[in-house]
Amino acid sequence: MKPLLCLLLAAFTPWCACSANESVWKLFYASGTDFGQAQQLVRQLLPEETRLIVQELPVRARTREEILLQSEAVDAGVRSLPCLVLNDEKGAYAAIPLGELSPEALRTAGKLASAPDRNSHTQQRRLVSHLFFHTTLARCSRAPVSQRLNSIENLEELSRCDNLPVGQRQFISLRCLYPALVQFYTDSYQEAHTPDTEQLFRRIIDAVEFARDLDPGSQLGRAAFNERERLRAARLEAKRLD
(Lines give C-alpha, C1' and ligand atoms only; values in the text may rest on other atoms or scores of the structure.)
Protein backbone atom coordinates (compact mmCIF):
# COMPACT_ATOMS: atom_id res chain seq x y z
CA MET A 1 0.00 0.00 0.00
CA LYS A 2 1.33 3.45 -0.85
CA PRO A 3 2.53 5.56 2.10
CA LEU A 4 -0.08 8.28 1.59
CA LEU A 5 -2.94 5.81 1.56
CA CYS A 6 -1.57 4.19 4.71
CA LEU A 7 -1.69 7.63 6.30
CA LEU A 8 -5.26 8.24 5.17
CA LEU A 9 -6.38 4.86 6.45
CA ALA A 10 -4.92 5.72 9.83
CA ALA A 11 -6.28 9.27 9.83
CA PHE A 12 -9.93 8.22 9.85
CA THR A 13 -10.37 5.44 12.37
CA PRO A 14 -13.15 2.92 11.66
CA TRP A 15 -16.55 3.98 12.97
CA CYS A 16 -16.83 0.87 15.08
CA ALA A 17 -14.46 -1.81 16.29
CA CYS A 18 -15.25 -5.48 15.74
CA SER A 19 -13.66 -8.51 17.25
CA ALA A 20 -12.67 -11.43 15.08
CA ASN A 21 -15.60 -13.13 13.34
CA GLU A 22 -18.00 -10.46 14.60
CA SER A 23 -20.39 -8.75 12.21
CA VAL A 24 -21.81 -5.27 12.60
CA TRP A 25 -24.50 -3.60 10.57
CA LYS A 26 -24.90 0.14 10.74
CA LEU A 27 -28.07 1.94 9.72
CA PHE A 28 -27.52 5.52 8.57
CA TYR A 29 -30.55 7.80 8.35
CA ALA A 30 -31.14 11.52 7.83
CA SER A 31 -31.79 13.80 10.77
CA GLY A 32 -35.47 14.59 11.20
CA THR A 33 -36.76 11.44 9.51
CA ASP A 34 -38.64 8.57 11.13
CA PHE A 35 -36.26 5.62 11.11
CA GLY A 36 -38.46 3.27 13.15
CA GLN A 37 -39.84 1.39 10.16
CA ALA A 38 -36.39 1.18 8.58
CA GLN A 39 -34.91 -0.17 11.80
CA GLN A 40 -37.68 -2.76 12.07
CA LEU A 41 -37.04 -3.93 8.52
CA VAL A 42 -33.32 -4.34 9.18
CA ARG A 43 -33.84 -6.19 12.44
CA GLN A 44 -36.06 -8.74 10.68
CA LEU A 45 -33.06 -9.68 8.52
CA LEU A 46 -30.42 -9.35 11.24
CA PRO A 47 -28.43 -12.61 11.59
CA GLU A 48 -27.58 -14.02 14.98
CA GLU A 49 -24.48 -12.57 16.67
CA THR A 50 -24.71 -9.44 14.57
CA ARG A 51 -24.96 -6.03 16.19
CA LEU A 52 -27.01 -3.18 14.76
CA ILE A 53 -25.91 0.42 15.29
CA VAL A 54 -28.18 3.28 14.29
CA GLN A 55 -26.48 6.51 13.23
CA GLU A 56 -28.27 9.80 12.55
CA LEU A 57 -26.64 12.06 9.97
CA PRO A 58 -27.14 15.84 9.92
CA VAL A 59 -28.82 17.20 6.79
CA ARG A 60 -26.52 20.22 6.91
CA ALA A 61 -23.17 19.93 8.65
CA ARG A 62 -22.22 23.14 10.43
CA THR A 63 -19.56 21.96 12.86
CA ARG A 64 -16.42 19.87 12.61
CA GLU A 65 -18.14 17.05 14.47
CA GLU A 66 -21.11 17.01 12.07
CA ILE A 67 -18.81 17.12 9.05
CA LEU A 68 -16.85 14.23 10.51
CA LEU A 69 -20.05 12.18 10.83
CA GLN A 70 -20.85 12.80 7.18
CA SER A 71 -17.32 11.94 6.10
CA GLU A 72 -17.50 8.66 8.03
CA ALA A 73 -20.63 7.80 6.07
CA VAL A 74 -18.78 8.56 2.83
CA ASP A 75 -15.93 6.36 4.04
CA ALA A 76 -18.43 3.55 4.59
CA GLY A 77 -19.76 3.87 1.04
CA VAL A 78 -23.08 5.59 1.83
CA ARG A 79 -24.51 7.46 -1.16
CA SER A 80 -28.16 7.79 -0.20
CA LEU A 81 -30.23 7.64 2.99
CA PRO A 82 -31.41 5.53 4.67
CA CYS A 83 -28.60 3.08 4.04
CA LEU A 84 -27.40 -0.12 5.69
CA VAL A 85 -23.63 -0.67 5.95
CA LEU A 86 -22.13 -4.10 6.64
CA ASN A 87 -18.93 -4.20 8.63
CA ASP A 88 -16.49 -6.78 10.00
CA GLU A 89 -13.17 -6.63 11.83
CA LYS A 90 -11.55 -5.08 8.73
CA GLY A 91 -14.12 -2.30 8.43
CA ALA A 92 -17.00 -1.56 6.08
CA TYR A 93 -17.32 -3.71 2.97
CA ALA A 94 -20.87 -3.14 1.64
CA ALA A 95 -23.51 -0.40 1.63
CA ILE A 96 -27.11 -1.18 0.69
CA PRO A 97 -29.74 1.55 0.19
CA LEU A 98 -32.74 0.49 2.24
CA GLY A 99 -34.99 0.57 -0.82
CA GLU A 100 -32.87 -2.27 -2.26
CA LEU A 101 -32.64 -4.34 0.92
CA SER A 102 -33.64 -7.98 0.55
CA PRO A 103 -32.26 -11.41 1.50
CA GLU A 104 -30.77 -11.70 -1.98
CA ALA A 105 -29.11 -8.28 -1.70
CA LEU A 106 -27.60 -9.34 1.62
CA ARG A 107 -26.24 -12.57 0.15
CA THR A 108 -24.65 -10.62 -2.70
CA ALA A 109 -23.23 -8.02 -0.31
CA GLY A 110 -21.78 -10.74 1.91
CA LYS A 111 -19.51 -11.88 -0.92
CA LEU A 112 -17.85 -8.47 -0.98
CA ALA A 113 -16.19 -9.17 2.36
CA SER A 114 -13.78 -11.55 0.62
CA ALA A 115 -13.57 -9.77 -2.74
CA PRO A 116 -9.97 -9.50 -4.04
CA ASP A 117 -10.33 -5.79 -4.74
CA ARG A 118 -11.77 -4.95 -1.32
CA ASN A 119 -8.65 -3.14 -0.10
CA SER A 120 -8.40 -0.96 -3.19
CA HIS A 121 -12.07 0.06 -2.88
CA THR A 122 -11.50 0.84 0.80
CA GLN A 123 -8.54 3.06 -0.08
CA GLN A 124 -10.52 4.92 -2.73
CA ARG A 125 -13.41 5.57 -0.35
CA ARG A 126 -10.99 6.71 2.35
CA LEU A 127 -9.40 9.24 0.00
CA VAL A 128 -12.82 10.57 -1.06
CA SER A 129 -13.86 10.78 2.59
CA HIS A 130 -10.66 12.63 3.47
CA LEU A 131 -11.19 15.14 0.67
CA PHE A 132 -14.85 15.61 1.57
CA PHE A 133 -14.00 16.27 5.21
CA HIS A 134 -11.27 18.84 4.60
CA THR A 135 -12.97 20.58 1.68
CA THR A 136 -16.23 20.92 3.58
CA LEU A 137 -14.57 22.08 6.80
CA ALA A 138 -12.36 24.57 4.96
CA ARG A 139 -15.44 26.12 3.36
CA CYS A 140 -17.56 26.13 6.53
CA SER A 141 -17.97 29.78 7.51
CA ARG A 142 -19.10 28.82 11.03
CA ALA A 143 -16.02 26.76 11.80
CA PRO A 144 -13.10 28.28 13.75
CA VAL A 145 -10.41 29.87 11.58
CA SER A 146 -7.77 27.50 12.95
CA GLN A 147 -9.77 24.45 11.84
CA ARG A 148 -10.38 25.90 8.39
CA LEU A 149 -6.71 26.77 7.89
CA ASN A 150 -5.65 23.32 9.02
CA SER A 151 -7.94 21.74 6.42
CA ILE A 152 -6.63 24.05 3.71
CA GLU A 153 -3.08 23.01 4.60
CA ASN A 154 -4.13 19.35 4.40
CA LEU A 155 -5.51 19.90 0.91
CA GLU A 156 -2.37 21.75 -0.19
CA GLU A 157 -0.20 18.92 1.08
CA LEU A 158 -2.34 16.27 -0.56
CA SER A 159 -2.32 18.04 -3.94
CA ARG A 160 1.48 17.95 -3.89
CA CYS A 161 1.80 14.30 -2.93
CA ASP A 162 3.77 12.40 -5.56
CA ASN A 163 2.10 9.13 -4.55
CA LEU A 164 -1.15 10.21 -6.20
CA PRO A 165 -1.77 10.21 -9.96
CA VAL A 166 -1.46 13.56 -11.71
CA GLY A 167 -5.17 13.68 -12.54
CA GLN A 168 -6.13 13.24 -8.89
CA ARG A 169 -3.66 15.92 -7.80
CA GLN A 170 -5.12 18.30 -10.40
CA PHE A 171 -8.63 17.56 -9.16
CA ILE A 172 -7.64 18.18 -5.54
CA SER A 173 -5.92 21.46 -6.37
CA LEU A 174 -8.59 22.85 -8.72
CA ARG A 175 -11.84 21.36 -7.40
CA CYS A 176 -11.11 21.07 -3.67
CA LEU A 177 -8.31 23.43 -2.61
CA TYR A 178 -9.12 26.31 -4.94
CA PRO A 179 -12.82 26.75 -3.96
CA ALA A 180 -11.85 26.30 -0.29
CA LEU A 181 -9.33 29.13 -0.57
CA VAL A 182 -11.79 31.34 -2.43
CA GLN A 183 -14.44 30.83 0.24
CA PHE A 184 -11.96 31.54 3.02
CA TYR A 185 -10.76 34.65 1.17
CA THR A 186 -14.36 35.87 0.75
CA ASP A 187 -15.07 35.35 4.44
CA SER A 188 -11.84 37.13 5.41
CA TYR A 189 -12.20 40.16 3.14
CA GLN A 190 -13.42 43.30 4.91
CA GLU A 191 -13.81 46.14 2.40
CA ALA A 192 -10.09 46.49 1.71
CA HIS A 193 -7.00 44.43 0.96
CA THR A 194 -4.68 43.65 3.86
CA PRO A 195 -1.38 41.75 3.94
CA ASP A 196 -3.32 38.68 5.09
CA THR A 197 -5.85 38.78 2.25
CA GLU A 198 -3.05 39.46 -0.23
CA GLN A 199 -1.30 36.32 0.97
CA LEU A 200 -4.54 34.39 0.62
CA PHE A 201 -4.98 35.65 -2.92
CA ARG A 202 -1.45 34.49 -3.73
CA ARG A 203 -2.32 31.02 -2.44
CA ILE A 204 -5.41 31.03 -4.66
CA ILE A 205 -3.25 31.82 -7.69
CA ASP A 206 -0.71 29.17 -6.70
CA ALA A 207 -3.44 26.50 -6.46
CA VAL A 208 -4.75 27.28 -9.94
CA GLU A 209 -1.31 27.53 -11.54
CA PHE A 210 -0.21 24.31 -9.89
CA ALA A 211 -3.23 22.45 -11.31
CA ARG A 212 -2.60 23.99 -14.73
CA ASP A 213 1.10 23.13 -14.84
CA LEU A 214 0.70 19.52 -13.72
CA ASP A 215 -0.78 18.63 -17.12
CA PRO A 216 -1.63 21.68 -19.27
CA GLY A 217 -3.21 19.57 -22.03
CA SER A 218 -5.69 17.69 -19.87
CA GLN A 219 -9.30 18.77 -19.34
CA LEU A 220 -8.52 19.93 -15.81
CA GLY A 221 -5.34 21.62 -17.01
CA ARG A 222 -7.27 23.62 -19.61
CA ALA A 223 -9.94 24.48 -17.04
CA ALA A 224 -7.21 25.71 -14.69
CA PHE A 225 -5.70 27.80 -17.50
CA ASN A 226 -9.06 29.47 -18.17
CA GLU A 227 -9.60 30.10 -14.47
CA ARG A 228 -6.14 31.64 -14.17
CA GLU A 229 -6.93 34.03 -17.03
CA ARG A 230 -10.22 34.96 -15.39
CA LEU A 231 -8.44 35.73 -12.14
CA ARG A 232 -5.86 37.80 -13.99
CA ALA A 233 -8.58 39.89 -15.63
CA ALA A 234 -10.42 40.31 -12.33
CA ARG A 235 -7.23 41.45 -10.60
CA LEU A 236 -6.50 44.01 -13.29
CA GLU A 237 -10.05 45.34 -13.07
CA ALA A 238 -9.77 45.62 -9.29
CA LYS A 239 -6.55 47.60 -9.60
CA ARG A 240 -8.15 49.92 -12.15
CA LEU A 241 -11.05 50.61 -9.80
CA ASP A 242 -8.68 51.24 -6.89
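Among contacts in the protein chain between residues at least 6 apart in sequence, what percentage join residues at least 24 apart? The share is 61%, where contact means heavy atoms within 4.5 Å. The model is predicted, so local features need pLDDT of at least 70 and side-chain atom pairs count only at pLDDT 80 or more, while totals for chains, interfaces and linings use all residues. Residues are numbered from 1 along each chain as its sequence is written, and side-chain values use heavy atoms, with hydrogens and water left out.

The protein chain has nine helices and four strands. Helices (H or I, at least four residues) and strands (E, at least two) are DSSP runs, numbered from the N terminus. Along the sequence their order is α-β-α-β-α-β-β-α-α-α-α-α-α. Of the 242 residues in the protein chain, 43% count as buried. Buried stands for under 20% relative accessible area, exposed for over 50%, and partly exposed for what lies in between (1.4 Å probe, protein chains only).

Several local features come from the part with the strands. Glu-49 sits in the loop between α2 (36-44) and β2 (50-57). Its phi is near 60°, a positive value in a residue other than glycine. Most residues other than glycine have a negative phi, and most peptide bonds are trans. Glu-49 counts as exposed because its relative accessibility is 72%. A cis peptide bond, with omega about -5°, joins Leu-81 and Pro-82. Pro-82 belongs to the loop between α3 and β3 (83-88).

Helix α3 (residues 64-76) holds Gln-70. This residue has 16% relative accessibility and therefore counts as buried. Apart from neighbours within four places in sequence, Gln-70 is in contact with Leu-57, Pro-58, Val-59, Arg-60, Ala-61 and Phe-132.

Ile-96 is part of strand β4 (residues 91-97). At 6% relative accessibility, Ile-96 counts as buried. Neighbours within four places in sequence aside, the contacts of Ile-96 are with Cys-83, Leu-84, Leu-86, Leu-101, Ala-105, Leu-106 and Ala-109. Arg-79 is 17 residues from Ile-96 along the chain, and the C-alpha atoms of the two are separated by 9.2 Å.

The next topic is helix packing. Axes are lines fitted to C-alpha atoms, for helices over the stretch in contact, and angles run from 0 to 180 degrees between N-to-C directions. Helix α5 (residues 118-138) packs with α7 at an angle of about 20°, and their axes are 8 Å apart. The two helices are therefore roughly parallel to each other. Angles under 35 degrees count as roughly parallel, over 145 as roughly antiparallel, 65 to 115 as roughly perpendicular, and the rest as oblique. The crossing of α5 past α7 is right-handed. A crossing is right-handed if the near helix is turned clockwise from the far one by less than a right angle, and left-handed if anticlockwise. On the α5 side, Leu-127, Leu-131, Thr-135 and Ala-138 meet Gln-168, Ile-172, Cys-176 and Ala-180 in α7.

Helix α5 also packs with helix α6 (residues 145-159), at an angle of about 140° and with the axes 8 Å apart. That angle makes α5 oblique to α6. Here α5 passes α6 in a left-handed crossing. Among the residues that make the contact are Leu-127, His-130 and Leu-131 of α5, and Gln-147, Arg-148 and Ser-151 of α6.

The last topic is the aromatic rings. Rings of Phe, Tyr and Trp (its six-membered ring) pair if their centres lie within 6.5 Å; planes under 30 degrees apart count as stacked, over 60 as edge-to-face and the rest as tilted. By this rule there are three aromatic pairs. The rings of Tyr-185 and Tyr-189 have centres 5.9 Å apart and planes at 35°, so this pair is tilted. Tyr-185 is buried, with a relative accessible area of 15%, whereas Tyr-189 is partly exposed at 34%. Tyr-185 also forms a tilted pair with Phe-201, 6.0 Å centre to centre and with 55° between the planes. Because Tyr-185 lies in helix α7 (residues 166-188) and Phe-201 in helix α8 (residues 195-214), this pair ties together parts that are 16 residues apart in sequence. Phe-201 counts as buried, at 13% relative accessibility.
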